[in-house]
Amino acid sequence: MRLEVLGVRVGSPLGAGCPSYAVSGEGGTLLLDCGPGALDSLWRSGRIGALDGIVVSHMHQDHMLDLVPFSNGVTREALRERFGEQRRIPLYVPRATGRRVLSEVIAALGSDPGGVDESFDLREYADDGGSVGVAGFEVRFAPTRHTVPCYAMRVTDGAATLVYGADGAYTDTLVRHATGADLALLEATYLDAGPELDENGHMTGEQAAEVARAAGAGRLVLTHVMPFDEENAENLRRARARFDGPVDLADPGAVFEF
């Protein structure tokens, strides 16, 4: 399995894109989240023409906003010219909020929400810990503790397993979901613990490391970080002190094979 980091920043791109990750295996390529900057990165690399599916963890703008230009007519025409006739890409969104929020955002920006169904084969995944098969992977979902319905993803091809925690505070549910993962891709939004972590549904680097340690994960990659280099470096240092396996800070363009 191959993980390529496309974007990592919380809230807005600020030079490093927002959360988006391409996961590839023998069965195809899957995009996890589609935050601002993802579409351009996919276009530049040519990977956009080879996407076999997209799964969105939740409908906050930093995780899904590039679905909007992805679904417009200009993008569809550009894709046809560059890659030939394009099929609709399977797009998985949370049943509780996905289609409604995406349609509302597109309409608020003055575009036609009908473009969603022209660009995507939109599917809603269950909110009860279910799973889907896409791009040669099985993707299982677990709810996180966040301010809107949000789901961590356990992605496996039968040989390797990636767990993407998306957004959410530390929970035993997340630890169980990540059990035995070869790689845990977990948020490190804040440096220090405090009331805002539970209120906003986020973690520190130390908490991410504790999830990876308790889950017995093989490797930890920290993501969903602030645009503050010194703070992120300290989060990395603290995480490495808590987790015995390899720990890396996600960076756009970084590739992890496992």
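Student: In which sense do β8 and strand β9 (residues 151-156) pair, and over how many bridges?

Tutor: This is a predicted model, in which local features need pLDDT of at least 70 and side-chain atom pairs count only at pLDDT 80 or more, while totals for chains, interfaces and linings use all residues. Residues are numbered from 1 along each chain as its sequence is written, and side-chain values use heavy atoms, with hydrogens and water left out. In general, the strands of a sheet pair through backbone hydrogen bonds, either parallel or antiparallel. Helices (H or I, at least four residues) and strands (E, at least two) are DSSP runs, numbered from the N terminus, and two strands pair if DSSP finds at least two bridges between them. Here β8 and β9 pair in the antiparallel sense over six bridges, and Glu138 stands opposite Thr156 in β9.

Student: What do β7 and β8 form, and how many residues lie between them?

Tutor: They form a hairpin with two residues between the strands, and Ala135 in the turn has a positive phi of about 55 degrees. The pairing of β7 with strand β8 (residues 137-143) is antiparallel, over four bridges, and Val132 stands opposite Val139 in β8.

Student: In what order do the strands of this sheet follow one another?

Tutor: Seven strands make up this open sheet, in the order β7-β8-β9-β10-β11-β12-β13, and the pairing is mixed. Because β7 (131-134) and β13 (247-249) each have a single partner strand, they stand at the edges, and one side of each is left without a neighbour in the sheet. Angles here run from 0 to 180 degrees between N-to-C directions, and axes are lines fitted to C-alpha atoms, for helices over the stretch in contact. With direction ignored, neighbouring strands of this sheet are turned by 20 degrees against each other on average. For a parallel pair, look at strand β11 (residues 183-187) and strand β12 (residues 220-223), which are joined by four bridges; Ala184 stands opposite Leu220 in β12.

Student: Which strands do α9 and α10 lie across?

Tutor: Helix α9 lies across β11 and β12, running at about 150 degrees to β12, whereas α10 lies across β12 and β13, running at about 170 degrees to β13.

Student: At what angle do the axes of α9 and α10 cross?

Tutor: The axes of helix α9 (residues 205-215) and helix α10 (residues 229-242) cross at roughly 30 degrees and come within 8 Å. The two helices are therefore roughly parallel to each other, a term for angles under 35 degrees. Their contact (heavy atoms within 4.5 Å) is made by Gly205, Glu206, Ala209, Glu210 and Arg213 of α9 and Asn235, Arg238, Ala239 and Arg242 of α10.

Student: Is Ala233 buried, exposed or partly exposed?

Tutor: Buried means under 20% relative accessible area, exposed over 50%, and partly exposed in between, with a 1.4 Å probe and protein chains only. Ala233, which is found in helix α10, counts as partly exposed because its relative accessibility is 42%. From C-alpha to C-alpha, Ala233 and Leu249 are 8.1 Å apart in space, and 16 residues apart in sequence.

Student: What is the order of the strands in the sheet that contains β3 and β4?

Tutor: That open sheet has seven strands in the order β6-β5-β4-β3-β2-β1-β14, with mixed pairing. Within it, strand β3 (residues 28-32) and strand β4 (residues 51-55) run parallel and are joined by four bridges, and the bridge partner of Leu32 in β4 is Val55.

Terms used:
Parallel < 35°, antiparallel > 145°, perpendicular 65-115°, else oblique.
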